[in-house]
Amino acid sequence: MRLSALAIAAAMIAPQTGTAQQVNGPIIPILVAPAEDTAQVSVTVDRGLRSSKRLRTRALRQARADMQAGQTISTEHLRALANAGDGLAAQRYVRSLMADPATADPSDVAYFSAIAVGTGRIWTLKTMIASMHQLDPKTEPRDRIRKYIRVLYPHAWAGNSLALEALVAFNGEGRLFGPLSDKTRDKILAEARESGDGRTELSLAMGILEHERTKSAPDPKAIAEARGFLELAKASDHLAVRTTAENLLRMIEDV
């Protein structure tokens with residue numbers, strides 16, 4: 001089956017870009033770095049903790065006052081404040097976790113990053129997404145997944161290129177957000193047309209082809225959908241995207 005050639009295609013991408021993300025099995029190519037301005041598009045999803053009066057203990061209220069005054073507070077207080085909705089505390093707690101990346105729990109990093117990003121602290125988005133790539137869809141708590149969705153989708157629809165890229169990576173069979181709905185796919189493609197670089201269409205095609213490659217008999221409808229995405233990517237002005245799309249179309253022409 002010529003879909004086995006996808007392994008060669010994935011290897012071919014690496015020299016061109018140096019980046020490829022492993023997302024629950026499929027290889028998602030990232031062939032063009034998002035424009036820095038679109039990667040910084042920010043949306044306030046959650047107003048967060050607005051008043052210390054909502055905090056349940058005097059110790060937490062004092063800790064928040066100390067933090068806002070620029071003082072160092074304990075990681076336990078940072079975590080408690082973050083859980084109460086304080087975006088600044090969440091951001092600082094993530095930084096404390098990432099002080100030793102080897103021992104940091106990816107689920108905690110992703111979740112508390114999501115709290116920070118949801119309150120408008122967009123600089124934590126890259127850390128959030130990087131940690132999400134390490135999560136197991138089978139074991140990640142559903143309430144945390146709902147939080148990721150609640151934060152990422154508004155950012156993607158507002159034009160944040162990193163968030164849009166994450167939606168492509170995390171939607172699909174066996175992935176963190178589950179199967180990609182027609183409504184979400186159409187919305188992703190509508191947003192992708194704004195950039196016109198073809199990177200989203202190529203990633204969608206690669207995700208489909210990698211999934212079909214694991215089957216004994218590929219689904220003709222899925223292959224046709226992948227071809228459609230590749231045809232769109234083939235029209236890209238970016239050489240790496242265009243060349244990869246053309247090569248993949250040749251590889252699957254007899255499937």
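Predicted model: local features only at pLDDT ≥ 70, side-chain atom pairs only at ≥ 80, totals over all residues.

Trainee: Which residues have the most contacts inside the largest nonpolar core?
Mentor: That core has 65 residues, and those with the most contacts inside it are Met128, Met132, Tyr148, Leu152, Phe177 and Leu230. Its largest share, eight residues, comes from helix α6, residues 106-118. For Phe177, leaving aside residues up to four places away in sequence, the residues touched are Met132, Ile145, Tyr148, Ile149, Leu152, Tyr153, Leu167, Phe170 and Asn171. As a general matter, nonpolar side chains in soluble globular proteins tend to be buried together.

Trainee: Why is helix α9 called largely enclosed?
Mentor: The helix spans residues 161-170, and ten of its ten residues are buried, so α9 is largely enclosed by the rest of the structure. The buried residues include Glu165 as well as Leu162, Leu164, Leu167, Val168 and Phe170.

Trainee: What makes Asn160 a cap for α9, and at which end?
Mentor: A side-chain oxygen of Asn160 lies 3.0 Å from the backbone nitrogen of Leu162, and the end that Asn160 caps is the N-terminal one. That distance can be set against the 3.5 Å cut-off for a polar contact. After α9 comes Gly172, whose phi is positive, near 150 degrees.

Trainee: How many aromatic pairs does a search of the whole structure find?
Mentor: The search finds five. In one of them, Tyr111 and Phe112 are 5.2 Å apart, centre to centre, with 75 degrees between the planes, and the pair is edge-to-face. Tyr111 and Phe112 are both buried.

Trainee: Why is the pair of Tyr153 and Trp157 called edge-to-face?
Mentor: Ring centres must lie within 6.5 Å for a pair, and planes over 60 degrees apart count as edge-to-face. The centres of Tyr153 and Trp157 are 5.6 Å apart and their planes stand at 85 degrees, so this pair is edge-to-face. Both residues lie in helix α8, residues 142-157, four residues apart, which is about one turn of the helix. In general, an α-helix has 3.6 residues a turn, so residues three or four places apart point the same way. Ring pairs also link Tyr153, Trp157, Phe170 and Phe177 into a cluster.

Trainee: How do you know whether Tyr153 is buried or exposed, and what of Trp157?
Mentor: The limit for buried is under 20% relative accessible area, and exposed begins over 50%. Tyr153 has 15% relative accessibility and therefore counts as buried, whereas Trp157, with a relative accessible area of 27%, is partly exposed.

Trainee: What makes you say that the charged end of Lys187 sits over the ring of Trp157?
Mentor: The charged end of Lys187 is 5.6 Å from the centre of the Trp157 ring, and the distance cut-off is 6 Å, with an angle condition of 35 degrees from the ring normal as well. Lys187 is listed as sitting over the ring.

Trainee: Why are Glu201 and Arg175 called buried?
Mentor: Glu201, in helix α11, has a relative accessible area of 8%, and is therefore buried. Glu201 touches Leu189, Ala192, Phe229, Leu232 and Ala233, not counting residues up to four places away in sequence. Arg175 lies in the loop between α9 and α10, and its 8% relative accessibility means that Arg175 counts as buried.
Mentor: Thr57 has 31% relative accessibility, so Thr57 counts as partly exposed. Its place is in the loop between α2 and α3, and a polar atom of its side chain lies 3.1 Å from the backbone nitrogen of Leu60.

Definitions and conventions
Residues numbered from 1 in each chain as written. Heavy atoms only, no water. Core = buried A, V, L, I, M, F, W, Y, C linked by side-chain atoms within 4.5 Å. Buried < 20%, exposed > 50% of the residue type's maximum accessible area, 1.4 Å probe, protein only. Helix = DSSP H or I, 4+ residues; strand = E, 2+ residues; numbered from the N terminus. Contact = heavy atoms within 4.5 Å. Polar contact = N/O pair within 3.5 Å; in protein donor to acceptor, adjacent residues only side chain to side chain. Phe/Tyr/Trp six-rings, centres within 6.5 Å; stacked < 30°, edge-to-face > 60°.
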